[in-house]
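Thanks for looking at this one with me. Here are my notes, in the order in which I would go through the chain with you.

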Amino acid sequence: MLIHVLKEKETLEDLSRIYKIPICMIIRANMEKAEEPLRPGRHVLIPPYGFCDYMAEEEDEVFHYIRYTVEEGDTVFSIARRYGTSMLRLLEKNELCRPEEIKPGLELLIPRPKEGYYIYTVKAGQELFDVEAEIGMDEAELIRLNKLAGDIYPGMQLIARVQH
């Protein structure tokens with residue numbers, strides 16, 4: 001991995017454009033430093049293209065993949081909702097930086113939760129312990145499955161395991 005030293009007013013979007021890799025890859029490569037603010041002088045790891053595929057080994061425990069060709073009127077939200085997956089996983093798997101990048105005719109790999117898993121959407125006011133109580137999973141497993149490095153927020157989509 002390369003190390004980039006941030007300059008004044010440089011953003012993740014700038015780094016994405018400079019290195020021609022999706023923002024999600026840069027974020028994922030720097031999960032251990034997620035709490036640190038972006039400011040001049042900060043060292044940011046720049047992963048090789050395809051980093052998310054390399055890191056996705058554990059996700060295959062949870063997802064299987066189908067091919068889908070984007071149609072007129074599709075959005076990342078509508079596709080994710082239709083196939084019961086998360087928008088973040090859909091963007092990551094297809095190495096897209098922003099939802100606006102999908103266009104009719106684009107072929108996507110859709111990560112669909114395997115049997116025993118589903119996508120849970122965090123509600124307003126919920127903390128991690130509230131989610132744990134509601135879905136019956138322990139904190140360690142939630143953190144592992146979702147690679148959580150910071151706080152959760154309303155609307156965040158989490159991988160959850162069906163509890164029997």
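1. Helix α1 is followed by K20, whose phi is positive, near 55°. K20 is a residue other than glycine, and it sits in the loop between α1 and α2. Helices here are DSSP runs of H or I with at least four residues, strands are E runs of at least two, and both are numbered from the N terminus. With a relative accessible area of 66%, K20 is exposed; the scale used is buried under 20%, exposed over 50% and partly exposed in between, with a 1.4 Å probe and protein chains only.

2. Before going on, a word on the source: this is a predicted model, in which local features need pLDDT of at least 70 and side-chain atom pairs count only at pLDDT 80 or more, while totals for chains, interfaces and linings use all residues. Residues are numbered from 1 along each chain as its sequence is written, and side-chain values use heavy atoms, with hydrogens and water left out.

3. K9 belongs to the loop between β1 and α1, and it is exposed, at 74% relative accessible area.

4. What does α1 pack against? Its buried residues are D14, L15 and S16, and these pack against β1 (2–5), α2 (23–29) and β2 (43–46). Contact means heavy atoms within 4.5 Å. I18 is also part of this helix, which covers residues 12–19, but I18 is partly exposed, with a relative accessible area of 48%.

5. The largest nonpolar core has 18 residues, and V131, I135, I152 and I159 have the most contacts inside it. Such a core is a set of buried Ala, Val, Leu, Ile, Met, Phe, Trp, Tyr and Cys residues joined through side-chain atoms within 4.5 Å. At least two residues of this core come from each of β5 (117–121), α6 (128–135), α7 (139–146) and β6 (157–161). A second, separate core has 12 residues, including Y68, V76, L96 and I110.

6. Which residues does I135 touch, leaving aside its neighbours within four places in sequence? They are Y118, Y120, L142, A160, R161 and Q163.

7. For the overall fold, the protein chain has seven helices and six strands. From the N terminus on, their order is β-α-α-β-α-β-α-α-β-β-α-α-β. The radius of gyration, taken over C-alpha atoms, is 17 Å, close to the 15 Å that the globule rule gives for 164 residues, so the chain is as compact as a globular protein of that length. That rule is 2.2 Å times the number of residues to the power 0.38.

8. Some totals to finish. The C-alpha atoms fill a box of roughly 50 × 40 × 30 Å along the principal axes. Of the 164 residues, 42% count as buried. Among contacts between residues at least 6 apart in sequence, 67% join residues at least 24 apart. The chain exposes about 9,600 Å², of which carbon and sulfur atoms supply 55%; these areas come from the Shrake-Rupley method with a 1.4 Å probe, and for residues only the protein chains shown count as cover.
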